[in-house]
Amino acid sequence: ILGAAKLTGKVAGSWNVGLLSAVTRREMAHIDSAGLQRQVEVEPLTYYGVARLQKEFPPGRPGLGGMATLGARDFDDPALRDQLNSTSTFAGVDGWTFLDRDKEWVVTGWLGGSQVRGTTARITAVQQDSRHYLQRPDAQRLGVDPDATSLSGWGGRLYLNKQRGNWFSNSAVGVMSPGFDVHDVGFMSRTGFLNAHVGGGRQWTEAGKILRRSELGGAVFRNWNWDGDVTWTGAFQFGWLQFLNYYNVNWSLAYNPETVNDRRTRGGPLTLNMPGYQVDLGVNSDSRKAWTWGLSGGTYVRSAEDRNAYVNALIGFRPAPNLSLTFEPGLFVNRTPTQYIGAWADSTATATFDQRYIFASLHQTELSGGMRLDWTFTPKLSLQLYVQPLVSSGDYGYFRGLARPRSNDYDVYDD
């Protein structure tokens with residue numbers, strides 16, 4: 001980082017302002033190949049900027065904000081232009097308004113647009129990466145433009161929440177167009193979708209003969225891709241009980257019916273997600289004590305061949321009010337018959353668009369142990385330490401190829 005600056009505060013007494021700028025230097029790699037030495041640019045000179053404004057209007061019921069981001073690179077090596085965006089911009093607005101005098105019901109939302117620019121090779125690669133997969137051969141409304149030097153998109157989300165009282169509610173609908181991309185100065189996992197959920201529940205805050213506090217809730221949800229295919233849907237139920245001795249129990253249950261999967265083939269045709277169900281359960285001791293413990297576990301099952309399960313434990317020790325240590329060992333076991341291996345051109349594979357999409361069964365086991373130390377010396381000085389050893393192993397077998405799009409049918413290979 002060559003230099004960076006952050007400015008936050010208020011303007012005119014009612015506008016909250018946040019500005020962040022940073023410049024990172026050009027980085028060179030020293031290459032020695034059979035005695036031939038040369039310098040190669042591996043990271044260009046880059047500017048990152050974020051601007052945020054927000055205003056709350058009297059009497060504190062509505063609010064309005066805006067945000068803009070910019071990433072810009074200066075290349076010396078033309079070859080690097082095909083690997084990175086030259087510029088990335090985003091601009092959006094967000095806001096909220098309460099619907100009642102007691103401020104129980106609130107509507108919030110955001111809407112914004114983005115654009116990335118670069119060479120034709122770079123923008124083609126962006127269109128085909130895992131966030132977009134515009135090259136899917138069976139997509140009806142997607143496609144790659146090999147001549148494009150920019151990619152633009154838009155997105156937004158609208159929420160309706162009840163945030164006070166014993167009854168609570170949380171509902172939302174969101175959309176991101178296929179070309180939306182803020183990954184240079186932000187994070188995103190995928191685009192080209194519409195999703196929605198409706199949820200709610202109730203909490204009890206007065207102690208009774210058995211329980212001190214409790215909460216029950218649930219939701220229904222659905223995701224669609226840009227062609228209108230249902231890629232995820234289901235129902236979810238959760239609960240939390242705290243007993244008079246401050247021990248607590250929590251659980252969650254979910255069911256997902258059959259849906260399509262537009263990510264399993266990594267830019268290839270659709271496959272199917274088979275129906276599945278999920279169960280999670282956790283128990284925790286009184287968090288006020290010097291010694292604490294917790295145990296949680298769960299499983300997600302689609303079939304005997306397609307399932308996973310985990311068990312996590314927690315042991316905590318607080319010898320003094322300003323010192324705590326925790327140890328969190330965990331075991332995760334995963335079994336799947338459709339772990340993606342790769343895609344190869346094959347003119348005889350006419351059913352799958354002249355490509356063989358190869359998968360394998362995966363038996364995976366992970367063992368981890370998170371350890372945390374929190375030590376506060378003074379109100380202005382503290383130490384936090386976190387370490388997580390992790391061991392993971394995987395065994396692949398039973399290689400198979402997708403037999404036809406929009407199915408869960410595979411040709412298993414003997415060799």
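Colleague: How do the residues that line the largest pocket divide into nonpolar, polar and charged?

Modeller: They divide into two nonpolar, seven polar and six charged residues, where Ala, Val, Leu, Ile, Met, Phe, Trp, Tyr, Cys and Pro count as nonpolar, Asp, Glu, Lys and Arg as charged, and the others, Gly among them, as polar. Before we go on, note that this is a predicted model, in which local features need pLDDT of at least 70 and side-chain atom pairs count only at pLDDT 80 or more, while totals for chains, interfaces and linings use all residues. Residues are numbered from 1 along each chain as its sequence is written, and side-chain values use heavy atoms, with hydrogens and water left out.

Colleague: How is a pocket told from a cavity, and which residues lie nearest the centre of the largest pocket?

Modeller: On a 1 Å grid over the protein atoms alone, a cavity is a set of points where a 1.4 Å probe fits but cannot get out, whereas a pocket is an open set with protein on both sides within 12 Å along at least five of seven lines, and lining residues have an atom within 4 Å of a point. Grid points are joined across faces, edges and corners, and a volume is the space filled by probe spheres set on the points. Here the largest pocket holds about 300 Å³ of space, and of its 15 lining residues Arg264, Arg302, Asp306, Thr336 and Thr338 lie nearest its centre. The elements that give two or more residues to this lining are β19 (307-320) and β20 (323-345), of which β20 gives the most, with six residues. Strands in this naming are DSSP runs of E with at least two residues, numbered from the N terminus.

Colleague: What volume does the second largest pocket have, and which residues are closest to its centre?

Modeller: The second largest pocket has a volume of about 250 Å³, and of the 17 residues that line it, Met67, Phe90, Trp110, Phe180 and Val182 are the closest to its centre. Two or more lining residues come from each of β6, β7 (87-98) and β8 (105-117), and β7 gives the most, with four. By class, this lining has eleven nonpolar, four polar and two charged residues.

Colleague: How many cavities of 30 Å³ or more does the structure hold?

Modeller: It holds one cavity of 30 Å³ or more, and about 70 Å³ of space lies in the largest cavity. That cavity is lined by 14 residues, of which His132, Leu142, Arg190, Thr191 and Gly192 lie nearest its centre, and by class the lining has five nonpolar, four polar and five charged residues.

Colleague: Which strands are joined to β5 by bridges?

Modeller: Two strands pair if DSSP finds at least two bridges between them. Strand β2 (residues 15-24) runs antiparallel to strand β5 (residues 45-56), with ten bridges joining them, and the partner of Trp15 in β5 is Lys55. Strand β6 (residues 62-74) is also antiparallel to β5, with twelve bridges between the two, and here Leu45 stands opposite Asp74 in β6. β5 and β6 form a hairpin with five residues between them, and Gly60 in the turn has a positive phi of about 85°.

Colleague: Why does the salt bridge between Arg52 and Asp94 tie together parts that are 42 residues apart in sequence?

Modeller: The closest N and O atoms of Arg52 and Asp94 are 3.0 Å apart; Arg52 lies in strand β5 and Asp94 in strand β7, so the pair ties together parts that are 42 residues apart in sequence.

Colleague: Is Asp229, the partner of Arg406 in a salt bridge, buried or exposed?

Modeller: The closest N and O atoms of Arg406 and Asp229 are 2.9 Å apart, and the pair links distant parts of the chain, 177 residues apart, with Arg406 in the loop between β23 (390-402) and β24 (410-412) and Asp229 in the loop between β12 (211-225) and β13 (230-243). Buried means under 20% relative accessible area, exposed over 50%, and partly exposed in between (1.4 Å probe, protein chains only). Asp229 is buried, with a relative accessible area of 11%, whereas Arg406 is partly exposed, at 46%.

Conventions. A salt bridge is a side-chain nitrogen of Lys or Arg within 4 Å of a carboxyl oxygen of Asp or Glu.
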